[in-house]
Amino acid sequence: MPDTYNAVVPTCPTEIAVSLRGVVFGYDRRRPVLKGVDMDIPRGKVVAIMGGSGCGKTTILRLVGGQLRPQAGHVVVAGREVPKLTRDELFALRRRIGMLFQFGALFTDMSVFENVAFPLRENTDVPEELIRDLVLMKLNAVGLRGTARLRPSELSGGMARRVALARAIALDPMLMMYDEPFAGLDPISLGVVGQLIRKLNDALGITSVVVTHDIYESLKIVDYIYFISDGKVIAQGTPEEVRVSSDAYVRQFVDGAPDGPVPFHYPASGLAEDFVRVA
Amino acid sequence: MLLEPISHGLRRIGRGTLATITRLGFTTRFFLAVLAHSGGALRRFNLTLREIYFSGVLSLVIILVSGLFVGMVLALQGYEVLNRYGADESLGIMVALSLVRELGPVVSGLLFASRAGSAMTAEIGLMKTTEQLSAMEMMAVDPLARVVAPRFWGGIISMPLLSALFATLGVFGAYLVGVKLIGIDAGAFWGNMQAAVDFRVDVVNGFIKSAVFALAISLIAVFEGYNAQPTAEGVSTATTRTVVASSLTILALDFVLTVFMFRGIGSR
């Protein structure tokens, strides 16, 4: 573990795969998205990060993957402080991280087979015969070996998500990140993707971070949940703790209440002021 | 009171100038980054070859048909003027010089920007919008090396070849109209052309022009695509910017290059 990390975060144990400490980030310096996020993702666990749209969930994944740099704080993955890595070190780390994007992000000019083979061909010197076997194995793991010759445009949303999952695990990552894996899926596909996340995590012995706002599916498959609001972690716990939580924000999220700590109305001037005002 | 509109105008000019300089700076940095990532595109030449197919081979129809018609129209109009002075046998010279020096590089450049440049921008912009570039980055693959550099070099290689084909088909079109339709002597048409067109001065300079245009169009196309806002409107705006910026750049560069290349050539 680098000295800089030990100096600043001396208590980070080796069983923590990802650690965020006091992370501040904003796409615009005047409006920070994250205002001091603290979070630990234990090895071998499936952890969900939940929160309303635009609260910074996906931003956390991009910070962990080194696509964004925090304005303050520490992002540590596998004992390495991500913002301090050189380009080569960052690429070496990314080879150990798989990421499933919201709508799969499959390469539309390639077939399903070529999509899954892409990280293998680009990052390894594995012979083509072995690549073929590996690709078919990964596709078989997500139940889509029969789609190898299809184009991404011929797949349903759920199938595209599963192919993208096969591609993400092609290099046998130690950490999998899922960005809204349940968005826009029918109930069957949603259940399939949820079970795949859990089974792959346990079978491959990896760590998984799931960014989502699907509370019901998440409660079924994850080990721990972080709730983000207003740029901070405002609640956390196991699925059992979340189910019985009396925290107002968690309750609003679990019950799907339209009004609560997250208001129904966007901040505006008084009703009378807007409607009574004479043009 | 009077100073207010003046200072407002000056502020606007200043902001516009700063924005233009900033964009030029970004483009230059982007160009250097693309060059730095070009090793892979040239080593794995199959990636570049694929882009040559998409931007070059698939542009053949529009380039060849346009070249043929431009040559035929040039012959008709040129004959009309030359005939007044009894110089109709110089038609071959006029057509060949116009096509090789000017119309070949410029018109094929404008067509290339509209057909291939806009496609390059839209493709890269859509890859960005659908997070394909982000996915590539997360797979430890640099999109500049894997996506941008092959397209950039594909454009640079294919555009001068298209320009040469445009000029060739133009000359053929002029032959059809001048010799076959109007009845100019074929020997005079080809012989005068051969005597007047200089390989180094005309053909090589025309080729250099098209290579410079190719560099400008390819750079603008990949820059606009890579820096497009990741929305439908952003990709549409970037595609439009590619066509407009490429076309204006071609015309401006053509004037500058012509001044340097053909100054005083007419007196030889």
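Two strands are said to pair if DSSP finds at least two bridges between them, and helices (H or I, at least four residues) and strands (E, at least two) are themselves DSSP runs, numbered from the N terminus. By that rule, strand S4 (residues 72–77) of chain A and S5(A) pair in the antiparallel sense over 2 bridges. This is a predicted model, in which local features need pLDDT of at least 70 and side-chain atom pairs count only at pLDDT 80 or more, while totals for chains, interfaces and linings use all residues. Residues are numbered from 1 along each chain as its sequence is written, and chains are lettered from A and ligands numbered from 1 in the order in which they are written.

A careful reader begins with confidence, given here as pLDDT, the predictor's confidence in each residue, from 0 to 100. Chain A has an average pLDDT of 86, and 94% of its residues score at least 70. Within chain A, the mean is lowest in helix H1 (residues 3–8), at 40, and highest in H4(A), at 94. Over residues 1–11 of chain A the pLDDT stays under 50, although the model has 15 contacts beyond four places in sequence for this stretch; two residues are in contact if their C-beta atoms, placed from the backbone, lie within 7 Å. Where pLDDT is low, the predicted coordinates should not be read in detail.

Chain A as a whole comes next, and it holds 11 helices and 10 strands. Its C-alpha atoms fill a box of roughly 75 × 50 × 45 Å, taken along the principal axes. The radius of gyration, taken over C-alpha atoms, can be set against a globule rule of 2.2 Å times the number of residues to the power 0.38; because chain A has 279 residues, a compact globule would have a radius near 19 Å, and the 20 Å of chain A agrees with this. Among contacts in chain A between residues at least 6 apart in sequence, 65% join residues at least 24 apart. A residue is called buried if 20 or more other C-beta atoms lie within 10 Å of its own, exposed if 12 or fewer, and partly exposed in between, with C-beta atoms placed from the backbone; buried residues make up 39% of the 279 residues in chain A.

The strands can now be followed one group at a time. Strands of a sheet pair through backbone hydrogen bonds, either parallel or antiparallel. An open sheet of 4 strands in chain A has the order S2-S1-S4-S5, with antiparallel pairing, and its edge strands, S2 (34–42) and S5 of chain A, each pair on one side only.

Strand S7 (residues 175–179) of chain A is mostly covered, since 5 of its 5 residues are buried. A:Leu175, A:Met177 and A:Asp179 point one way from S7(A), while A:Met176 and A:Tyr178 point the other way.

A nonpolar core is a set of buried Ala, Val, Leu, Ile, Met, Phe, Trp, Tyr and Cys residues joined through C-beta atoms within 7 Å. Of the 140 residues in the largest such core, A:Val209 and B:Val222 touch the most other members, and helix H7 (residues 143–182) of chain B gives the most to this core, with 18 residues. Leaving aside neighbours within four places in sequence, A:Val209 is in contact with several residues, including A:Val18, A:Met177 and A:Tyr178.

Finally, 15 residues of chain A are in contact with 10 residues of chain B. Helix H3 (87–94), strand S6 (97–100) and helix H4 (112–123) of chain A each supply at least two residues of the side that touches chain B, and the largest share, 4 residues, comes from H4(A). A:Asn123, found in helix H4 of chain A, touches A:Arg95, A:Leu171 and B:Ala140, not counting residues up to four places away in sequence.
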